[in-house]
Amino acid sequence: MKTLLLALCLLFAGEASAIDQAAVEKLAFGEADERSAAIAALLAEGDPRTAALLQAVSEGEMQTAGKRILIVKGGQGADAVTGEAVAPLPEGRDDVVANNRLRREIEGALAAFKLLSPERATRLEAAKALVEGADAAMLPLVRKALEKETDPDIKPLLDLTAASMEMKSGDKETRLAAIRRLGESNSPNSRTLLSEAATDTDTDIRIAAQKSLREVQGKLAWGERAGLLFAGISLGSILLLAALGLAITYGLMGVINMAHGELIMIGAYTTYVVQNFFKSHLAGAFDWYLLAAVPASFLVSACVGMILERAVIRWLYGRPLETLLATWGISLMLIQSVRTIFGAANVQVENPAFMSGGIQAFAGVVLPWSRIGIVVFAVAVLISIWLLLTKTRLGLFVRSVTQNRDMASCVGVPTARVDTWAFGLGSGIAGLAGCALSQIGNVGPDLGQGYIVDSFMVVVFGGVGQLAGTVYAALTLGFANKFLESVSGAVIAKIVVLVFIIVFIQRRPQGLFAVKGRAVDA
């Protein structure tokens, strides 16, 4: 990094004028209020060289020799006003001490000077910080930056900041102009400023603010609706991933698999193991670990599911109560096994770089890349399962066994083998759900417990064994949950949805879509 002295020399080079000498003298010799006023004056001047000067004061590199003010660094000095080199340094110099208040004010001023940076990221960060609150003394600098700014993301932020500062002006026309500009914004900060102005004692100010406030509220309402819509789609896609595998196993064999949530958990921990492997052995390709984690989570969960079907569930067909109890016991065993291997504490699965951050579709509404990725992933899994069930020999066997097991067996379908493969397929999809869920939260032994009830609700509501019904049910419950949460809170939303499912199943036990087939029709 270049030294401050060099930075000062470069800043002063080619400049005919010097920094305001009176303001620099107040900064060095004045009392607390005078020094604050000096910072405001230097900001109003808007000279980029002021940033280096204020940085020197904050770091204790400003000194005085009589009435002369110097910047001293590394045994070299320069005049604080003109930037001319001073050699040799005069004797008997005194340090200019910056207290905590002055340092805070300097820190705010330096943040404002970042608006003049050639780096877009620096300017954007500074503009976002100033939107949250900026001192009125920064207005000249903000206006100067606004004149030069051409970036479509930064310019609206600066315009909003300038308008918010002008709102505090004593000039009525300036305030009215700022209110009209705020009315064109879609920022929640504009709503706050206009709400304050809507109670102003001046009639013209109050009427203009109320009109602009209505415009801003209308724009924000559309943003909130869009955010709610995306939240419903996001939750629906998560429920769909969690329930797809259960729809296959429950629909095919009628098995109430209480260990389905633990198969989701196994997929999440498989993702965690793959992530750690990439960290240790393939650090340069870490951002691509999901390409290996997706098939790994599917295979591990599928293998566990097939082992469970062969060892336990196969012997309990036709005995739903025993199956429920056995799979519940298996779920406890799987949870304890994971606690023994990985510990009881949650583990962290990091997002790849391309899934970090998000898109700001509207003011105050950010669509995270991780959530967008899960929606796309859920659609891809759904299409893959549809193709498997409708375009392959295994899918034909699964559908035939679902519709009429006895007739399928009579025509040569190996029903026992189909049961194993179907259960493995459903378990593998649960593993994919765990892989997806690891990208939006911590992974722990109890991860699956939070999704088992919701998965059963989706399957029963959509219709047992019906892929289309599972999709409609997942999206419907996702939208219903998010809408009710926005109205009454998460707990009441869960209760209302559960009551609705109970009433719906009483009226229509077959769900949204009934299974068709000779065995069912009979």
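What share of the contacts in the chain with a separation of 6 or more comes from residues 24 or more positions apart? Such residues account for 70% of those contacts, where contact means heavy atoms within 4.5 Å. The model is predicted, so local features need pLDDT of at least 70 and side-chain atom pairs count only at pLDDT 80 or more, while totals for chains, interfaces and linings use all residues. Residues are numbered from 1 along each chain as its sequence is written, and side-chain values use heavy atoms, with hydrogens and water left out.

**Overall form**

- The chain contains 22 helices and seven strands, which are DSSP runs numbered from the N terminus (helices are H or I with at least four residues, strands are E with at least two).
- The radius of gyration of the chain is 33 Å, whereas a compact globule of 522 residues would have one near 24 Å; this radius is taken over C-alpha atoms, and the globule rule is 2.2 Å times the number of residues to the power 0.38.
- Taken along the principal axes, the box that the C-alpha atoms fill is roughly 105 × 60 × 35 Å.

**Surface and burial**

- Of the 522 residues in the chain, 46% are buried, and here buried means under 20% relative accessible area, exposed over 50%, and partly exposed in between (1.4 Å probe, protein chains only).
- The chain exposes about 25900 Å², and carbon and sulfur atoms supply 60% of that area, as computed by the Shrake-Rupley method with a 1.4 Å probe.

**Salt bridges**

- Side chains of opposite charge can pair when their charged atoms come close.
- The structure holds nine salt bridges, each being a side-chain nitrogen of Lys or Arg within 4 Å of a carboxyl oxygen of Asp or Glu.
- One of them joins Arg-101 to Asp-33, with the closest N and O atoms 3.2 Å apart; because Arg-101 lies in helix α5 (residues 100–113) and Asp-33 in helix α3 (residues 32–45), the pair ties together parts that are 68 residues apart in sequence.
- Arg-101 counts as partly exposed because its relative accessibility is 34%, while Asp-33, at 56%, counts as exposed.
- Another salt bridge links the side chains of Glu-149 and Arg-123 (2.8 Å, N to O); Glu-149 lies in the loop between α7 (139–148) and α8 (155–166) and Arg-123 in helix α6 (residues 120–131), so the pair ties together parts that are 26 residues apart in sequence.
- Both Glu-149 and Arg-123 are buried.
- Glu-309 and Arg-314 also meet through their side chains in a salt bridge (3.6 Å, N to O), where Glu-309 counts as buried at 0% relative accessibility and Arg-314 as partly exposed at 21%.
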